[in-house]
Structures are given as structure tokens and as C-alpha cells.
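Trainee: Could we go through some helix packing together? I keep meeting words for angles and contacts, and I'd like to know where they come from.

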Amino acid sequence: MSDKFILIDGSSMLVTNYYGNLPKALLFEKDPEKKKTLYSQIMHDDKGRYTNAMYSMMRTILKIMAEQKPTHMMFAFDQTRDTFRREKYPDYKGNRGDTPEPLKEQFENMENLLKDLGFVVMYDNKFEADDIVGSVATRFEKEIPSYIITKDHDYLQLVSDYTRVWLIQTKQETAEELQNKYGAEYGWNRKLVSLPDKAFEVTPDLCLKEYGVRPEQIPDLKGIQGDSSDNIPGVKGVSSAAISLLAKYDTVEGIYAAIDEAGDDKALKALAASWKEELGITRSPMKPLVEYRDIALLSKELAQIRRDFPVPENLSSYELKFDRDKAKELFTEYGFKSLIEKL
């Protein structure tokens, strides 16, 4: 059996499973106070601890382990929104509401459950989950084939010849459409490649074909387009031109080097005209690019995954040591009866 390292964005997986396993009444209720009165309908154990997200996530993990047979595995979680990114830009993730109480409680319990079962679980007060995963993947990817499971497009910048991102789609149909779209060209076949549910495997080639940029250009793309989910501003009114400009100049800095080289207004107009002609950009992005240079560079920096988080330096630290007896005991305690059968 060949070695395989699976790195999981635990926060993304837990949140997805929380909302995917909520009573419909709660999912559609808009009034925050009424929502609280419906909390009792959320799946919970006999001690009253909420378990809907934990149960679904654990079921997903057992399925991944059974199908993928990883030899190494780790989970990374976001601990706080007040990371180094917020120090640089106080509005970072400022558009997100408070985490609902039943989910907040399950974050802590899920992290503890995973640790008790023998998994490596990492989080930090200054770094986000993607920085931790990026640091681990970068450190070991040349020693072992690595696969990252997440819903978050930021992680695409970690795709390389050694690391694949299994990008989780909202629906299984979407994942299958993407697979069929590229299947023939890349010799893909459901029977040959077993992927986790709703996942689309992104390679360097597919990143460029499907998202318009190479993996290492993802921060540049977000530098210009921004990212509404993280409240990264980007440059307003330039997003449609971003991919063409990056295809020509490679990076945000490359675009600004061309602007600086042009110099005076007349030369800038000529440059904008050449973009229209050569790149097919209809609305000139020149004015906003010049005006919001600082924002573009800051947005790129916010979107850039750090790879310098201090991680355990031995690959053996991440070996999968799943404790089945402990699992039986804890699944019983949490009332996960159907998961005990899967053991």
C-alpha cells in the first residue's frame, strides 16, 4: 500500500456539516431570537450537548478513511478571527456574523474528540487553518503524495505537482459535471479515481483551465477581484479584467510595474488602449488600478497563505493512529450508534 497524506480543513468541514444537518425550520428562520427557540430541535446527546455537525463530520471522516486508506492525516482549525490578517486589515472577515452557539460548542468538542481518537489536530491564535495546512503540505509534499480537503478556494494556491486540492462542491452533481468536463482529457474515470463525496480534484493544469490562473497566482487574482467571503476588498470595477491582466503580467506587482513604466497620462492612455486591443478588455481598468494600488497589494497579502507556521518536523508525527476502542467508547457517549457499526 502506498503512502498518502490527507490534510483536512477542519473548520470548513465542521461548518458545512453543521448547516447540512440542521432542521429545515432553523435553516430558513431569519429572526435571530426565534432561531434560539428552535435550538432544542438540533440533534444532541443525552447530556444536552449539540452533536449535529460532529456526527455528520465523523461519518464523513470514517468514509474518507475507508475509501482513501491514508497512512498520514491531520486536521487544522481556525481558532479566532483576530489573526495577523486582522492586525493588517481590521475589517478582515468583518462581514461574518457571530458563530451560532450550537456550532461554537461543537468546535471545541470536535477538536477534543479528534484528538482523543488519535488524530493530529492543529490550531493557533495568530495563524488560520489554511496557513497551518500550507506549512505542513509545503514541508512534506516532496516526501509523500498530499491531498487537501476543503471548500475554500484560497487553498488552490497550494496545488502543485505533489499536492492536490480535493475542492468540495455544494452538490455532488457539480463535482461530477467538473469531472466529466475534464475527464476525457485527463483520463479520469470514477472507477479508477475514487474521490471523496462532492470533491473535484484540482491539479496545476486544471486550476489554470477552470479558474483562469495558475495556483501561485490565486493571491494575485484575489488582490484584484477581492473575496467577499473574507471581506477582502480588491479593486472595484476591475474584476472582469483580472484574468487577462495576470495572463500578460503574471502578478499584481507586474501590472503596476507596467503602469509605472508608462509614466505620464498620455502613455497611460496608450497602455489602456493596448489592453483593449490586445487583451479584449472593454472597460478600462486604469483609473481604479492607479487609485487603489495600496488596496490591491494589501488584498494580495491578505489572500496569501503563509507557509512558515512552526510544524512538527517529522513526517512520522502525522501517522494515522486511529483508536477504535476509544471511538466505540466516545461514539456511545455521544449517541452515535450508527457510527459504531461503521467501525
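This is a predicted model: local features need pLDDT of at least 70, side-chain atom pairs count only at pLDDT 80 or more; totals for chains, interfaces and linings use all residues.

Trainee: Why is H11 called roughly perpendicular to H12?

Mentor: Helix H11 (residues 242-249) and helix H12 (residues 252-262) pack at an angle of about 80°. Angles of 65 to 115 degrees count as roughly perpendicular, so H11 gets that label against H12. Their axes are 8 Å apart.

Trainee: What makes the contact of H11 with H12 nonpolar, polar or charged?

Mentor: Count by class: six residues are nonpolar, one is polar and none is charged. Leu-245, Leu-246 and Tyr-249 come from H11, while H12 brings Val-252, Gly-254, Ile-255 and Ala-258. Gly counts as polar here.

Trainee: And why is H10 called oblique to H11?

Mentor: The axes of helix H10 (residues 218-225) and H11 cross at roughly 135°. Over 145 would be roughly antiparallel and 65 to 115 roughly perpendicular, so H10 ends up oblique to H11. In that contact, H10 uses Asp-220, Leu-221, Ile-224 and Gln-225, and H11 uses Ala-242, Ile-243 and Leu-246. By class, that's five nonpolar, one polar and one charged.

Trainee: How do you know that the buried residues of H11 sit on the same side?

Mentor: The buried ones are Ala-242, Leu-245, Leu-246 and Tyr-249. They cover an arc of only 95° around the axis, so they lie on the same side of H11.

Trainee: What covers those buried residues of H11?

Mentor: The cover includes H10, H12, helix H13 (265-279) and helix H14 (286-291).

Key
Residues are numbered from 1 along each chain as its sequence is written. Side-chain values use heavy atoms; hydrogens and water are left out. Axes are lines fitted to C-alpha atoms, for helices over the stretch in contact, and angles run from 0 to 180 degrees between N-to-C directions. Helices (H or I, at least four residues) and strands (E, at least two) are DSSP runs, numbered from the N terminus. Angles under 35 degrees count as roughly parallel, over 145 as roughly antiparallel, 65 to 115 as roughly perpendicular and the rest as oblique. Contact means heavy atoms within 4.5 Å. Buried means under 20% relative accessible area, exposed over 50%, partly exposed in between (1.4 Å probe, protein chains only). The arc is that of the directions from the helix axis to the C-beta atoms.
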